[in-house]
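This briefing is for a reader new to the structure shown below.

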Amino acid sequence: MLVLDNVTKAFKTGTFGGGTLPAVRGASFEIRPGEVTALIGESGSGKSTLGKMILRLTPVTSGTITFEGTDIATLKGKQLREYYRHVQGVFQDPFSSYNPVYRADRVFATIKHSYFPSVSGDEWHERVDKSLQAVGLNPVDVRDKFTHQLSGGQLQRILIARALLLDIKILVADEIISMIDASTRVDVLNLLANLKTRGLGVLFVTHDLSLGNYISERTVILRRGVVVEMGATQKVFDNPQHEYTRMLLTAVPQLHKKWEGELGPELETTRVIPEHNGRPGRYSKSSLHPLAGMHARKGRRAQAAATERDLAAGLLRTDTYLRTHEEAPPLVEIEEDHFVAISAGAK
Ligand code: ADP
Ligand code: MG
């Protein structure tokens, strides 16, 4: 229902508008109702830029994004407001979405003003409470509280509750799990799972493979602004075709080793994946558990965090800074609903 067709975003760089930075190149995929689509890529790969284009926060340079058949670039005024009634975003840092001077539930008042001016105060109050309950919050716990009195997980859920009031069909959730602690992670993940059973389409943006694997039906792998592989999550994870996807997956066990054995036996199945740089790639299902990092023993947790940081830094060196201007490779279908970029050397 939301379709991206050959979407490109080039940011102008340099004071005199000399250069351009191709943040997204030729991305085509769709967000389907009742499904979570995971958009996975390292920092700087263009995930948020894609999310912002979908939310019309930044225009596309070329290509089209259509929602229910209409090119969203053409929407103006009232139509754009209607679009936002159906398509909403929740972003990484829940604290930044709130003004600390106001109470947290002010975010509801702002949509009442724009979308529901004729709804009575009492009726509105009731709707807000229902929506808060739908995201697992007790209204009395959060209404009238200031931002600093609430946890990141609570704020995150208030933003989702706000989106629900609008009759949304598509939710762009950009790194929303990263900022919240272990105890609320699962709640928010379950909430997203619940949203999809209500028919919502969710774009779940993450740099974390384990979260993507856990929550999504479909996966889109983004590298330097280019979709290199996409398809049913199980196909992409069980049989990754692009070198880059394999690299991401083989990077997982180094993190995983530190907490091996901490999870139940059913999560310990080691998988062999196709060769990567001549070496057989292996990763363990347990390392893809969304709480894998959280299960590390004390002391080891710090070690794990350090490894993760190094890895992130290493990946950044090879990825963000070696950005190129080459043409985005076309995707070819390798099996039903599983696509890979042609340059993968996919034999
Ligand atoms: P991600 O969300 O995957 O970390 P982003 O979409 O935020 O990546 O960024 C992709 C690339 O576009 C990065 O190189 C980033 O520096 C660049 N970028 C993002 N926003 C802007 C902007 N407003 N102006 C110029 N460059 C930008
Ligand atoms: Mg981002």
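Ligand 1 is surrounded by 12 residues, and the closest are F11, A23, K47, S48 and T49; a residue counts as near if its C-beta atom, placed from the backbone, lies within 6 Å of the molecule. This is a predicted model, in which local features need pLDDT of at least 70, side-chain atom pairs count only at pLDDT 80 or more, and totals for chains, interfaces and linings use all residues. Residues are numbered from 1 along each chain as its sequence is written, while chains are lettered from A and ligands numbered from 1 in the order in which they are written.

**Shell around ligand 1**

- The elements that give two or more residues to the shell are β2 (19–31) and α1 (47–54); helices (H or I, at least four residues) and strands (E, at least two) are DSSP runs, numbered from the N terminus.
- With 3 residues, α1 gives the most to this shell.
- By type, the shell around ligand 1 holds 3 nonpolar, 8 polar and 1 charged residues. Ala, Val, Leu, Ile, Met, Phe, Trp, Tyr, Cys and Pro count as nonpolar, Asp, Glu, Lys and Arg as charged, and the others, Gly among them, as polar.

**The open sheet**

- An open sheet is formed by 4 strands in the order β2-β1-β4-β5, with antiparallel pairing; two strands pair if DSSP finds at least two bridges between them.
- Both β2 and β5 (70–71) stand at the edges with a single partner strand each, so one side of each has no neighbour in the sheet.
- Strand β1 (residues 2–13) is joined to β2 by 9 bridges, and V3 has E30 in β2 as its bridge partner.
- Between β1 and strand β4 (residues 62–67) there are 5 bridges; the bridge partner of D5 in β4 is T64.
- Another 2 bridges join β4 to β5, where F67 stands opposite T70.
- The hairpin of β4 and β5 has 2 residues between the strands, and E68 takes a positive phi near 45° there.

**Helix α4**

- Helix α4 (residues 121–134) has 14 residues and reaches 20 Å from its first C-alpha to its last, close to the 20 Å expected at 1.5 Å a residue. The expected span is 1.5 Å times one less than the number of residues.
- V128, S131 and L132 are the buried residues of α4. A residue is buried if 20 or more other C-beta atoms lie within 10 Å of its own, exposed if 12 or fewer, and partly exposed in between.
- Seen down the axis of α4, its buried residues fall within an arc of 100°, so they line one face of the helix; the arc is that of the directions from the helix axis to the C-beta atoms.
- These buried residues pack against α3 (106–115), α5 (139–142) and α6 (152–165).
- On the face of α4 turned away from the buried side are the exposed residues D122, E123 and Q133.
- G136 follows α4 and has a positive phi, near 80°.

**Two loop residues with positive phi**

- R56, in the loop between α1 and β4, has a positive phi of about 60° although it is not a glycine. R56 is partly exposed, with 17 other C-beta atoms within 10 Å.
- D144, in the loop between α5 and α6, is not a glycine either, yet has a positive phi of about 70°. D144 is exposed, with 11 other C-beta atoms within 10 Å.

**The protein overall**

- The secondary structure comes to 12 helices and 14 strands.
- Of the 347 residues in the protein, 40% are buried.
- Among contacts with a separation of 6 or more, 69% are between residues 24 or more positions apart; two residues are in contact if their C-beta atoms, placed from the backbone, lie within 7 Å.
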